[in-house]
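Please consult the sequence and the structure shown next.

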Amino acid sequence: MTDTVTDVNTGEQVVFWVCAILAVAGALGMVLSRKAVHSALWVALTMINLAILYIANSAPFLGMVQVIVYTGAVMMLFLFVLMVVGVDASDSLIETIKGQRLAAILLGLGLGILLVWGIGSGLVASPTVGLDAANDAYGGNVEGIANLIFTRYLLVFELTSALLITAAMGAMVLSHRDRWKEVASQRDLSIARFRSGVHPGNLPNPGVYARHNAVDTPAILPDGGTSDLSVPQPVRARGDERTLDQVDIDEVRQITEGSGE
Amino acid sequence: MNPSSYVVLSALLFSIGAIGVLVRRNAIVVFMSVELMLNAANLAFVSFARMNGNLDGQVVAFFVMVVAAAEVVVGLAIIVTIFRTRRSASIDEPNLLKY
Amino acid sequence: MSPLLASVGAETETAFTMPSINYYAIAPILILFGAAVVSVLVEAFVPQRGRRPVQLVIVVGSIVAALAVTIDLRGTRLVTGEGAIAVDGPTLLMWGALLVIGLLGALLMAERSIDPLGDAFAPRASALPGSEDEQEFTRRGFLQTEVWPFLLFALTGMLVFVASNDLLVMFVALEVMSLPLYLLAGMARRRRLLSQEAALKYFLLGAFSSAFFLYGAAMLYGFSGSVSLVAISDTLSAKTGEGSLVAIGIALLMVGLLFKVAAVPFHQWTPDVYQGAPTPVTGFMAATVKIAAFGALLRVLYVSLGGLRWDWEPMLWIIAALTMLVGSVVAITQTDIKRMLAYSSIAQAGFILVGVVAASPQGLASALFYLVAYAFTTIGTFAVITMVRDASGEATHLSKWAGLGKKSPVVAAVFSLFMLSLAGIPLTSGFVGKFGVFAAAIDSGNTWLVIVGVVASVIAAFFYVRVIVLMYFSDPTPDTASVVIPSAFTTIALTASAVMTIALGVFPQWLLDIITQAGVFIR
């Protein structure tokens, strides 16, 4: 089983090319999308494809963990925060320097070319051992990983608990708010509203008992006057309030007094 | 094609992530780019594990996911806090000047 | 039981062997880790008022206990945890330095009588600055006591970081050390927006750099099939081919570590973070992260990549020279004292790198001495900055330091001492440190680097001396800040660092002896 293989079978080739193209497309989509939410969705696409590539790479356990942890938890957390911050938040949180963008793109492209070329040329003739022997030693992929985690990497495993505690406590410190005021109940709010002396209920709609129902038309009161409360304050402030002619008022009076029938 | 193609793909993704960090200005997108870089490193570890015939690379990738999860929590908490402060700071300017 | 099941059971039982861990050798780590966990529980179960004293007892007690064990471990030289942790001379030395500096940092963070409103941290980091909530919390004297578990976790991470013998432990320790620091940086009581932006910047660039570190580790794993530093070193000497993989791996790994030591061109985060973070945190971080990051850098270079020194030395020569020059020159233009010290710390990283690239036992020893000397001076410097205040908090603008020597001669004298030490004037620890790294560099044939270093020192001396001149040779203005008399916490920290700065300058031999006995990294 430990024969060196330098080629992979056709099925894996198909999987590789499909997933690789989608993963790169997702990565490019993340960098190029103007909206943060679109970036998050693109990068989720990349992560799902990476999960498939892990499974193709004889790492079924990691493939599942990738789906659960990255696409399931991490990216959802990102989306959640994006919703909290506001979907269209494109506010810049870092100082910009003139000409930095071009320099950054060139730097990044240089790095990319160097990495891809260096790794591509470095690995041309490298043999592949394959994981069959390593997996069989303990009866499977999960068992093999578990064995390493609880022997060779036991201390690291325990150390990660420090990270998780720090993360949980950090999130709590930055977001948990102590309450020092009594929370007002509905009853308190209601009492406060009536005590304040302003009109406690809904204001009259504009245009009630009138011929027009545009917002600038005051409602006519049954006694023939008009209600100032029915016209929004800004309209009144601008002096755009419509004045009613006598015909309207008479008509209302007829309706209310029942003599118009 | 041979298994080293996976490593080349990971190099490509790593570089795209690095470009994202350097080019984008939105903190959340910058952070996503960092996550992409970590994922690229994981892909490299997983492929190398297969090429080298031992599981150490897969274990490393597993730990990286744990680390990344903790990092995301802290990072997003900081980002949300700064967002809340900014939103209020722009409204009550005098409060900010007081300090 | 069927024979099949029996055989499966037998196989799994023989397959798993318990890892061998020497618990006493890693006891300092375990003590701090345990104390950190207890301190989290204190947050959960001890009532609000009682938390601060309990936390202080836990922090000071655990650090002192860990220090005692570290001293008792002297002479230990072993690898434990299945090759994960290396406890050797340099490790123990750095543990000692980290614990002492950590203790001084904790004392600075515990200070409560300098700021009339409380300690250096926001009463509640979640309350919006200036909001009604925050005013109420301040009035009630609330303290964010979660800073103590964060401090302990950060110290735990640092201890593991300098002792880590494989790249995975190093990566996780890097995060354990960094995450609490990101959080602490964003919790300043005053100028919170600046502080939070510092936290964000520190976080994003820190995460970025650790991604580089990780990818570099992936390349070295691909090359050698292991993440253990020793195995990588063995493969490097045994295997030919795949050279580009190794080169990329080393380069990316170095990028990740040089970010943490703030070497040019990976230094951009330093000024903003140093300025924005609460000053006690800045002092703690500036001193300890420098030790931890250089410790890890030295271990990787000496243990793992020693055979390839001709490949990485030229890269580090250039970075060391650039770091010294850029740090010194840009510091001259700064008007904020915390920013100036940030650039000064960049320049100092360059000087330490001169010792690192010497790639000899002498270079290692000189770099270790420099780190210890620098750490004490730095924490003292920031202790003084916490005390120099005006109505709006710390007076960090240089113009407010004019004439301070006439208003508060003692504090100004102590600060001058630190400045002289950073400048490398004889009879201070900085001089011995600089002399050591330059001597090591000349011995290994890097004379030109020493010339660059001397030039940078002269430039740097200019801005250090400028502060002294400003304090003593100009008259106090109405704007001049005043010095607040601190409680015993800051006084002890300040006195200890001042005493060490002089002691290491006048009688450096005892520390040099300890370093010589510590020897080199275990392989």
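In chain C of this predicted model, C:V147, C:F150, C:F153, C:A154, C:T156, C:G157, C:M158, C:V160 and C:F161 of α6(C) are in contact with C:V169, C:M170, C:A173, C:L174, C:V176, C:M177, C:P180, C:L181, C:L183 and C:L184 of α7(C). Contact requires C-beta atoms, placed from the backbone, to lie within 7 Å. The residues of this contact comprise 17 nonpolar, two polar and no charged. Ala, Val, Leu, Ile, Met, Phe, Trp, Tyr, Cys and Pro count as nonpolar, Asp, Glu, Lys and Arg as charged, and the others, Gly among them, as polar.

The axes of α6 (residues 147–163) and α7 (residues 167–185) of chain C come within 8 Å and cross at roughly 155°. α6(C) is therefore roughly antiparallel to α7(C), a term for angles over 145 degrees. Axes are lines fitted to C-alpha atoms over the stretch in contact, with angles from 0 to 180 degrees between N-to-C directions. Helices are DSSP runs (H or I, at least four residues), numbered from the N terminus.

Two interfaces between chains are set out below.

Residues are numbered from 1 along each chain as its sequence is written, and chains are lettered from A and ligands numbered from 1 in the order in which they are written. In this predicted model, local features need pLDDT of at least 70, side-chain atom pairs count only at pLDDT 80 or more, and totals for chains, interfaces and linings use all residues.

Methods:
Helix = DSSP H or I, 4+ residues; strand = E, 2+ residues; numbered from the N terminus. Parallel < 35°, antiparallel > 145°, perpendicular 65-115°, else oblique. Contact = placed C-beta atoms within 7 Å.
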